[in-house]
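Welcome! Have a look at the model before you start.

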Amino acid sequence: MKSNDYLPHEVQIVARVQEAPDIFTLRLRFTDLAHHARYHFDAGQFNMLYLHGVGEVAISIASDPKDTHLIDHTVRVVGRVTKALAQLQTGDYLGLRGPFGRGWPMAAAQGRDVLLITGGLGCAPVVSVVHYVLRRRAHYARLIIMQGVKHTHDLIWRRQYDTWAAAPNTQVLLTADQTGQGWPFNTGLVTQLIGQAQFDPANAVAMLCGPEGMMRATAHALQERGLPDHDIWLSMERNMHCAVGHCGHCQFGGSFICKDGPVYPLPEISHLLGVKGF
Ligand SMILES: Cc1cc2nc3c(=O)[nH]c(=O)nc-3n(C[C@H](O)[C@H](O)[C@H](O)COP(=O)(O)OP(=O)(O)OC[C@H]3O[C@@H](n4cnc5c(N)ncnc54)[C@H](O)[C@@H]3O)c2cc1C
Ligand code: FES
C-alpha cells in the first residue's frame with residue numbers, strides 16, 4: 001500500500017531531556033515497529049509533530065541517521081503547539097509524519113573542512129551535523145563551529161560547546177553582541193569570527209542556520225574569504241502546513257521550503273535573500 005504523507009503515525013516518548021528552561025528534547029519511537037524499521041532520514045530533514053486537538057509543527061530531526069532506534073527532536077517553546085509539546089512526559093503519545101525536505105550535503109562534504117555557522121537561540125538543524133561529523137570523524141577534515149548570540153545569557157548548551165571544542169581537529173568560536181564581565185569568548189557579530197576560522201576555502205563546505213539577515217551577512221563574509229557560492233548552504237525557515245509542497249504556505253520564490261529545502265545552496269536562493277515579501 002502507498003504511504004500517505006498527510007497521515008501522522010503514532011509515536012511514544014521514550015525519554016524527555018530538559019536542555020534549558022524553554023528547550024527540551026523528545027526521544028521518540030513509533031508504536032508500529034514495522035513502520036519504525038522502514039523509517040529512514042538524512043541529516044537536516046524535518047518531521048511534522050502532531051498533537052491531537054492542538055496542531056502540528058515542523059521540527060528538525062536531531063539524532064543521527066544511523067541511530068534509528070530512537071528519533072530525537074529538540075524543541076524551543078515559542079507558541080501554541082510547542083507550549084503543548086512541552087507539557088508531555090515520558091510514556092505519552094503524539095503523531096509524527098515525515099521525514100520531509102532536503103537535508104545537508106553530508107556526502108559532498110566528505111574529505112573537506114566543515115564550517116557550521118549559526119545565529120540566535122540554538123539551531124537544532126546544525127546540531128545534527130555536529131553529531132554526524134563527530135561520529136564519522138575520519139571522513140571529514142576540520143570541523144569549525146561558530147555561534148553568535150545577542151546576549152551572553154542566550155548561549156545555551158555551553159557545556160556541549162566545551163565538549164565539542166575538545167574533539168580532535170575541531171575549532172569552536174563563540175560570540176555575543178553584548179557582553180560583560182566573566183564572558184570568556186568574543187564580542188561582536190558572528191561574521192567577525194570568520195577571520196579567526198582555520199579552514200581551506202578551496203576545500204570547505206559551510207552550513208548556515210539563523211535569521212536571514214545573519215545568513216546573508218555571513219555568506220558575504222565567506223565569499224570574501226574565497227569560499228565559492230556553491231559551497232555555501234543555508235537552512236531556511238517558514239511556517240509549514242502540508243510539508244509536501246501542496247498548500248503554498250512555505251513558498252519561497254519558485255520553490256517550496258518544505259519540499260525543495262529547507263537546505264539550499266546559495267546560488268539557488270541568493271536572488272531572494274533580503275528581498276521584501278520572500
Ligand atoms: C524546516 C523547519 C525546521 C524546524 N526545526 C525546528 C526545531 O528543530 N526546533 C524548534 O524548536 N523549532 C523548529 N522549527 C520552528 C518551529 O516549526 C516553529 O517554532 C513552530 O512552528 C512554532 O509553533 P507554535 O505553534 O509553538 O508557535 P505559533 O503559535 O505558531 O507561533 C509563535 C510565533 O512564531 C512565529 N512562527 C511560527 N513558526 C515559525 C517559523 N517556522 N518561522 C518563522 N516564524 C514562525 C509565528 O508567526 C508567531 O509569531 C522549524 C521550522 C522549520 C520550518
Ligand atoms: S508547507 Fe505546504 S507547500 Fe510547503
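## Exercise 1: the shell around the ligand

Strand 4 supplies the largest share of the shell around ligand 1, with 4 residues. Helices (H or I, at least four residues) and strands (E, at least two) are DSSP runs, numbered from the N terminus. This is a predicted model, in which local features need pLDDT of at least 70, side-chain atom pairs count only at pLDDT 80 or more, and totals for chains, interfaces and linings use all residues. Residues are numbered from 1 along each chain as its sequence is written, chains are lettered from A and ligands numbered from 1 in the order in which they are written, and side-chain values use heavy atoms, with hydrogens and water left out.

**Task.** Find which residues are the closest to ligand 1 and which elements each supply at least two residues of its shell.

**Solution.** 
1. Collect residues with a heavy atom within 4 Å of the ligand. That gives 19 residues around ligand 1, and the closest are Ala58, Thr74, Arg76, Val81 and Thr82.
2. Sort them by element: strand 4 (55-60), strand 5 (71-76) and helix 2 (80-86) each supply at least two.
3. Sort the shell by class: 10 nonpolar, 5 polar and 4 charged. Here Ala, Val, Leu, Ile, Met, Phe, Trp, Tyr, Cys and Pro count as nonpolar, Asp, Glu, Lys and Arg as charged, and the others, Gly among them, as polar.

## Exercise 2: polar atoms

**Task.** List distances from ligand 1 to polar backbone atoms of Thr74, Arg76 and Arg238.

**Solution.** 
1. Start with nitrogen: a nitrogen atom of ligand 1 lies 2.9 Å from a polar backbone atom of Thr74.
2. A nitrogen atom of the ligand is also 3.1 Å from a polar backbone atom of Arg238.
3. Turn to oxygen: an oxygen atom of ligand 1 is 2.7 Å from a polar backbone atom of Arg76.

## Exercise 3: the largest pocket

**Task.** Where does ligand 1 sit, and which element gives the most to the lining there?

**Solution.** 
1. Ligand 1 sits in the largest pocket, as more than half of its atoms lie within 2 Å of the grid points. A pocket is an open set of points on a 1 Å grid over the protein atoms alone, where a 1.4 Å probe fits, with protein on both sides within 12 Å along at least five of seven lines; lining residues have an atom within 4 Å of a point.
2. Strand 4 gives the most to this lining, with 5 residues.
3. By class, the lining has 20 nonpolar, 13 polar and 6 charged residues.

Technical notes. A polar contact is a pair of N or O atoms within 3.5 Å; within protein, one must be able to donate a hydrogen and the other to accept it, and residues adjacent in sequence count only if both atoms are side-chain atoms.
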